[in-house]
Amino acid sequence: MDDVHIRNAVLQGREERALLRQSYAQKDIATISLNLNVPAYPKRSDKLTSFFNIIRKELEDFLIANRVMYVDSGVQELSNEAGDFAILPLHKGQHSIQEMKDICEQFESSHSHGRLLDVDVTDAKGNHISSNKHKACFICDSNSALDCMHAQRHSFKELRKAFNESVEEYLDARKREEICRKLADY
């Protein structure tokens, strides 16, 4: 695929996400969504999907531990050229929308690979809830990701390499944990 087709396919994937969020807003349902901050293209692969699925399970467990209940039967996933995406519709009246955002930010900031994640909260009217905080660059960690992006401090190749290494490290650690768990069971 050439650059124009790639760009259009990614934009189409993002449009599908927006339409999905909008469909919940039309039903007056607030949502939490998850996707990965994948630099450059491609934005999906088997490895990234494995990583995404683990993170999604961890997010769901974290939400439940913080008494955030979502409608399990309403959870939807998309996997397209924009990457993997999941949206969780929330039960009404359990927490304020700002409390939901704070809980999601806590998940991102406490997760060892939280910088690679994007957990968004959308209110029942479809408005994106922002904390107005800037995430640190996952390469230099001394500037905000937006500052580094605008200043083009890191090449896409450098960003993708760091991202892939981080995902590999995480998946390897999870695999080791699973092997240890199985050995302990025996």
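Me: What covers the buried residues of α5?
Reply: The model is a predicted one. The cover over the buried residues of α5 includes α2 (46-65). The residues of α5 that are buried are Leu159, Arg160, Phe163, Ser166, Val167, Tyr170 and Leu171.

Me: What span does helix α5 reach from its first C-alpha to its last?
Reply: A helix may be judged against the span expected at 1.5 Å a residue. Helix α5 (residues 156-185) has 30 residues and reaches 43 Å, close to the expected 44 Å.

Me: At what angle do α2 and α3 pack?
Reply: Angles of 65 to 115 degrees count as roughly perpendicular and those over 145 as roughly antiparallel. Here α2 and helix α3 (residues 97-110) pack at about 130°, their axes being 11 Å apart. The two helices are therefore oblique to each other. The crossing in which α2 passes α3 is right-handed.

Me: Which residues of α2 and α3 meet?
Reply: From α2 come Ile55, Glu58, Leu59, Phe62 and Leu63, and from α3 come Ile103, Cys104, Gln106, Phe107 and Ser110. By class, the residues of this contact are 7 nonpolar, 2 polar and 1 charged.

Me: Is Ser144 buried or exposed?
Reply: Buried means under 20% relative accessible area. Ser144 has 13% relative accessibility, and therefore counts as buried. Ser144 is located in the loop between β5 (128-129) and α4 (145-151). Beyond its neighbours within four places in sequence, Ser144 contacts His134, Lys135, Ala136 and Cys137.

Methods
Residues numbered from 1 in each chain as written. Predicted model: local features only at pLDDT ≥ 70, side-chain atom pairs only at ≥ 80, totals over all residues. Heavy atoms only, no water. Helix = DSSP H or I, 4+ residues; strand = E, 2+ residues; numbered from the N terminus. Buried < 20%, exposed > 50% of the residue type's maximum accessible area, 1.4 Å probe, protein only. Contact = heavy atoms within 4.5 Å. Expected span 1.5 Å × (residues − 1). Axes fitted to C-alpha atoms, helices over the stretch in contact; angles between N-to-C directions. Parallel < 35°, antiparallel > 145°, perpendicular 65-115°, else oblique. Left-handed = near helix turned anticlockwise from the far one by under 90°. Nonpolar A, V, L, I, M, F, W, Y, C, P; charged D, E, K, R; others polar.
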